[in-house]
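Please keep the sequence and the model in view while reading.

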Amino acid sequence: MYDTLARIEEQLADIELESLRKSYIATRHKFLERASAIDAISDFWSTVIDEAPAEIDQRIQPRDVPVMNCLAGIDVERFEVQNAAHGEPRSVKLTFTFEPNGWFADKKIEKTFYWRMSKHGWSSLVSEPVGIQWKDRDLTEGLLDMAIGLWKMEQEHGQSNGQGRADVRISDEYMKLVEKVGRTPQDAISIFGFFGFRGHHVTVAESEKALERRKRMIEGVEEWEVLDSEPPPLPDTEVYPHGEEVAVAFSEDLYPGATHYFTIAKERDAKISDEEVVSDSKSSEESDDAHDGEQENRPTKKLKISS
C-alpha cells in the first residue's frame with residue numbers, strides 16, 4: 001500500500017515538472033520582451049534588490065550594497081529544457097549584468113547550476129566556481145579565488161587519472177581552504193561568495209543512473225525502495241553553503257516577480273516621501289504657531305510718561 005502511494009507521489013512530481021517545462025517555453029519570449037522594457041529604467045534592478053526576498057536580502061552584506069546598486073540586469077535560463085516532455089527544468093543559468101564600477105572589471109557574470117540526483121536518492125543543485133576580475137578589494141576576502149584554485153587542481157589531477165575529479169584532501173590548497181572556511185562566519189560572507197558555490201559532487205553518469213532506477217521503480221519493473229531524501233552535509237571546502245537556497249530564490253522568486261518587487265519598492269518610497277512632506281508641513285505650521293504665540297505673549301513696552 002505504501003509503495004503504491006509513494007509511486008503516485010513521484011508521478012505527481014513528474015507532472016509538476018512537465019508543467020514547469022511548458023510554462024518556461026510559453027513565457028520565455030515574454031521575459032525577454034520584459035528585459036527590453038526594463039532597459040529603459042536605469043534603477044530597476046537595484047530597486048528590486050532593495051526589496052529582495054529574505055533568502056537573498058539577508059545574504060547581502062553592507063559592503064556589498066554599493067556594488068549591488070550597479071546591477072543592470074538579471075536573466076534566468078532553464079538551458080536543459082528541450083521541449084514540454086524532455087529536459088531538466090530545475091537546472092538554471094543565472095546571468096548578472098553590471099554597470100561599469102570600481103570593484104570589478106566584469107560586465108557580465110554567469111553562474112550555471114545543474115540539478116542532479118545521487119545514487120542514494122537525494123537531489124541537489126551542483127555548480128562550478130566562477131571567477132571575478134577584482135580591481136582592488138576582493139569582497140569575498142580570498143574565498144572565491146581559493147575555491148577556484150582547488151577546483152582547477154581537481155580537474156587537472158582528475159583528467160590525468162581518468163576519474164574526472166581527484167582526491168586532493170592531502171594538498172596544501174585543500175587544507176588552507178578548509179581552515180579559511182572554518183574561521184569565516186557564514187553570515188559574514190559576501191553575496192559574491194555565491195559565485196564560488198559548488199555543492200555536492202554528483203556526476204552526470206551517477207545522476208542518469210539514479211534517475212533510470214527511479215523510473216523503473218515507478219513503473220513497477222524494480223522493487224520499490226525508500227531512498228534518502230535529504231543530502232548529507234556539504235564538504236568542508238564549500239565557501240558558500242547558502243548557494244542552492246540563493247539560486248532558487250533568484251530563479252523562482254526574484255526574477256519572475258521582479259516587476260512586483262519593483263512596484264512595492266516604488267510605492268513604499270512614494271509613501272515615505274508623502275509622509276515627509278506632511279511632516280515638514282506640520283513642523284512648519286507648528287513653528288509659525290509658536291512664533292505667533294511668542295508675539296502675542298510678548299509684554300508690551302510701557303510708554304514713558306513725562307512729568
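Does Glu141 count as buried, partly exposed or exposed, and why? In this predicted model, Glu141 has a relative accessibility of 47%, and it therefore counts as partly exposed; the range for that class lies between under 20% for buried and over 50% for exposed. Glu141 is located in the loop that joins strand E4 (123-127) to H5. Its backbone deserves attention as well: the phi angle of Glu141 is near 55°, a positive value in a residue other than glycine. Most residues other than glycine have a negative phi.

The largest nonpolar core comprises 54 residues, among which Trp45, Phe96, Phe192, Phe194, Phe250 and Leu254 touch the most other members. Helix H5 (residues 143-161) supplies the largest share of this core, namely six residues. When neighbours within four places in sequence are left aside, its contacts include Trp45, Val48, Ile49, Ala52, Pro53 and Ile56. Leu254 is also in contact with Ile74, Ala249 and Tyr261.

Attention now turns to helix H2 (residues 44-50), in which Thr47 is found. Thr47 has a relative accessibility of 8% and so counts as buried. Beyond its neighbours within four places in sequence, Thr47 is in contact with Phe262, Ala265 and Lys266.

Glu88 is found in the loop between strand E1 (71-77) and strand E2 (92-98). Is this residue, Glu88, buried or exposed? Glu88 counts as buried because its relative accessibility is 14%, and the limit for that class is under 20%. The side chain of Glu88 makes a polar contact with the side chain of Arg90, at 2.7 Å. Not counting residues up to four places away in sequence, Glu88 also touches Leu17, Glu80, Val81 and Trp115.

Which residues make the nonpolar surface patch of about 260 Å²? The patch is made by Ile8, Leu12 and Ile15. Of these, Ile8 has its place in helix H1 (residues 2-38). With a relative accessibility of 40%, Ile8 counts as partly exposed.

Terms used:
Residues numbered from 1 in each chain as written. Predicted model: local features only at pLDDT ≥ 70, side-chain atom pairs only at ≥ 80, totals over all residues. Heavy atoms only, no water. Patch = residues over 30% accessible without salt bridge, like charges linked within 9 Å, V, L, I, M, F, W, Y side chains within 5 Å. Areas by Shrake-Rupley, 256 points an atom, 1.4 Å probe, with all protein chains shown as cover. Salt bridge = Lys/Arg side-chain N within 4 Å of Asp/Glu carboxyl O. Helix = DSSP H or I, 4+ residues; strand = E, 2+ residues; numbered from the N terminus. Buried < 20%, exposed > 50% of the residue type's maximum accessible area, 1.4 Å probe, protein only. Core = buried A, V, L, I, M, F, W, Y, C linked by side-chain atoms within 4.5 Å. Contact = heavy atoms within 4.5 Å. Polar contact = N/O pair within 3.5 Å; in protein donor to acceptor, adjacent residues only side chain to side chain.
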